[in-house]
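The sequence and structure come first.

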Amino acid sequence: MKECYSLQEIKISGTNNVYSIETQGGLIENKNNEVKLIVYPYAKKDIQKYIVPEDVTIIEGYALYQTHFAYVKMNEKVKRIGEYAMRNATDDNIDTSNKFE
């Protein structure tokens, strides 16, 4: 989801069994026993500290690209981060103790 710089909000039908919106506004995919953070709205600027939801195990490529958070906190279940997922997401203030694949 690269180059959606004006994206401020994502909406999903309440009857969707695969995709959902987490409390901070990011798009989550839940299928095949994997929970992925797909994308966070690039132009949504009301959150300075992003906490990766507890059930997320994968952060997809470009998921937090260009979001410019002051702080990002990983949960202990994240095992893989995709290409450019965190590029320009924060000023190197990422809190993690994870062991990635």
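## Strand pairing

In this predicted model, strand β6 (residues 71–73) pairs with β4 in the parallel sense, over three bridges. Within this pairing, Lys49 stands opposite Tyr71 of β6.

The pair belongs to an open sheet of three strands, ordered β4-β6-β8, with parallel pairing. β4 (49–51) and β8 (94–95) each have a single partner strand and stand at the edges, so one side of each lacks a neighbour in the sheet.

## Nonpolar cores

The largest nonpolar core contains 17 residues. Those with the most contacts inside this core are Leu37, Tyr50, Val52, Val56, Ile59 and Leu64. Another core, of seven residues, lies apart from it; Ile10, Val39, Tyr42 and Tyr62 are among its members. In soluble globular proteins, nonpolar side chains tend to be buried together.

Which residues does Val52 contact, leaving aside its neighbours within four places in sequence? They are Ile59, Val72, Lys73, Met74, Asn75 and Val78. Ile59 is also listed with Val52 among the residues with the most contacts inside the largest core.

Tyr19 is located in strand β1, which covers residues 19–21. Is Tyr19 buried, partly exposed or exposed? Its relative accessibility is 31%, so Tyr19 counts as partly exposed; buried would require under 20%, and exposed over 50%.

How values were computed. Residues numbered from 1 in each chain as written. Predicted model: local features only at pLDDT ≥ 70, side-chain atom pairs only at ≥ 80, totals over all residues. Heavy atoms only, no water. Pairing = 2+ DSSP bridges. Helix = DSSP H or I, 4+ residues; strand = E, 2+ residues; numbered from the N terminus. Buried < 20%, exposed > 50% of the residue type's maximum accessible area, 1.4 Å probe, protein only. Core = buried A, V, L, I, M, F, W, Y, C linked by side-chain atoms within 4.5 Å. Contact = heavy atoms within 4.5 Å.
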